[in-house]
Amino acid sequence: MTATVPPSVPTPTTAPLDFTAMLSDRARKMTASAIREILKITQEPDVISFAGGLPAPELFPLDDVRAAMDAVMTRYGAAALQYSTTEGHLPLRQFLAERAGITPGHVQIMTGSQQGLDLLGKILISEGDIVLVESPTYLGALQSFQPYGPQYMEMPTDEEGIDVDALEGLLQGLKASGKRAKLLYAIPNFQNPTGRTLSKERRERLVNLTAEHGLLVIEDDPYGQLRFSGEPAPSLYQIALDRVGGDPDHSHIIYSGSFSKTLVPGLRDAWVQAAQPIIEKLVQAKQGADLHTPTLNQMIVTELLPTVLPRQIELIRKAYGERAQDMTRHIKAQFPASVHHTVPQGGMFLWVTLPEGVDTLPMLARAVERKVAFVPGASFFALGGGQNTMRLSYSNATPEQIARGVKALAETISETVK
């Protein structure tokens, strides 16, 4: 029997493609998330991670989600598994609209608030547009906006959030030079990364000032319902809506909300509420991105709204409040006196500032050796700086982990800071 000779593989006659050279200019501007990269090195089960802003999984309403899924499948059948409208599940939009005092036509459901930021960047930012961001600001927003070519300008912040006096001077300076900002991005409630909250007085001034200068504002509010101390303040969106007599089509504030921090992040349900022309363009942008947010997920969330959502919010507020208190107590007792930290009134984060000249990036490797991780702060500054800062998250850590993690971090910091 004659053996079969396999065909020879032809020798390539051309050089391999340079895929990097074929990337678009927009793709070249994309950057990796520093937080996601850090999470890769903290996967070992014995590493206490204060790095990722992860909700506490032991608080997820597993039985309620299971029951909601059964109820949805019983009520909707195959329709729950079918394609749906880009705008989103109408009962969900009606709930959000009623809560905000607007119509469902002013609400667009998103597959996570990160998608909302990306699509808002796509429809609003042209190459070279001036975009104002807090200093520091949310890394994910910078990552979303960057491919669209903005020119960032930073707004100074302090313990009450954005320094509105400084913002006014910045806007007047732009106007005097014949320039204008296009967009302002802010997290007024329990800001990521600092945990700070914009005061009520500053909120009102910010809304009025940006309206006077014809400046669009994206109010990113994933943590707003997670207040565990202090007095609630109205959203920028609500202040602006009151300012224009309740007409959302005359409001310059674009509000972004999410169920990821109050229910579960895995369903990826979020929303944007804005003037109709903004919503119309978001619908078109979303059609090109993913057609629509998963139908089943939206229906499950809607099923959870009447009873489970309020219960979850109270449960999370209590747990995160206790964990924040634990972390700040251990920090005060063990960190060097020259190291300062914020005291959040809600949310998931606090911000640590070390003396000038200290770099927290190389400090991370030494901390991981002690089995604790954090996020170096430099990644949160649009224009650089912040090497002497770090972000800590307390939401996904037990009291015992907080005690051990802060102790290990204090030892790491004390090697450099006296």
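The model is predicted: local features need pLDDT of at least 70, side-chain atom pairs count only at pLDDT 80 or more, and totals for chains, interfaces and linings use all residues. Residues are numbered from 1 along each chain as its sequence is written, and side-chain values use heavy atoms, with hydrogens and water left out.

Q: Why is M22 called exposed?
A: Exposed means over 50% relative accessible area, buried means under 20%, and partly exposed lies in between (1.4 Å probe, protein chains only). M22 has 56%, so M22 is exposed. M22 is found in the segment before α1 (25–28).

Q: What makes L17, F19 and M22 a nonpolar patch?
A: Patch residues have over 30% relative accessible area and no salt bridge; nonpolar side chains (Val, Leu, Ile, Met, Phe, Trp, Tyr) are joined within 5 Å, like charges within 9 Å. L17, F19 and M22 form such a patch on the surface, with about 370 Å² of accessible area together.

Q: Why do the side chains of R75 and E303 count as a salt bridge?
A: A salt bridge needs a side-chain nitrogen of Lys or Arg within 4 Å of a carboxyl oxygen of Asp or Glu. For R75 and E303, the N to O distance is 2.7 Å, so the pair meets the cut-off. This pair links distant parts of the chain: R75 is in helix α3 (residues 62–76) and E303 in helix α11 (residues 295–304), 228 residues apart.

Q: How do you know that R205 and E168 form a salt bridge?
A: Their N to O distance is 3.5 Å, so they too meet the 4 Å limit. R205 lies in helix α8 (residues 200–212) and E168 in helix α7 (residues 164–176), 37 residues apart.

Q: Why is R205 called partly exposed?
A: R205 has a relative accessible area of 30%.

Q: Why is E314 called partly exposed?
A: E314 has a relative accessible area of 46%. The value is under the exposed cut-off and not under the buried one, so E314 is partly exposed.

Q: How many salt bridges does the structure hold?
A: The structure holds 19. R366, R370, K407, E411 and E415 are linked in a network of salt bridges.

Definitions and conventions:
Accessible areas come from the Shrake-Rupley method with a 1.4 Å probe; for residues, only the protein chains shown count as cover. Helices (H or I, at least four residues) and strands (E, at least two) are DSSP runs, numbered from the N terminus.
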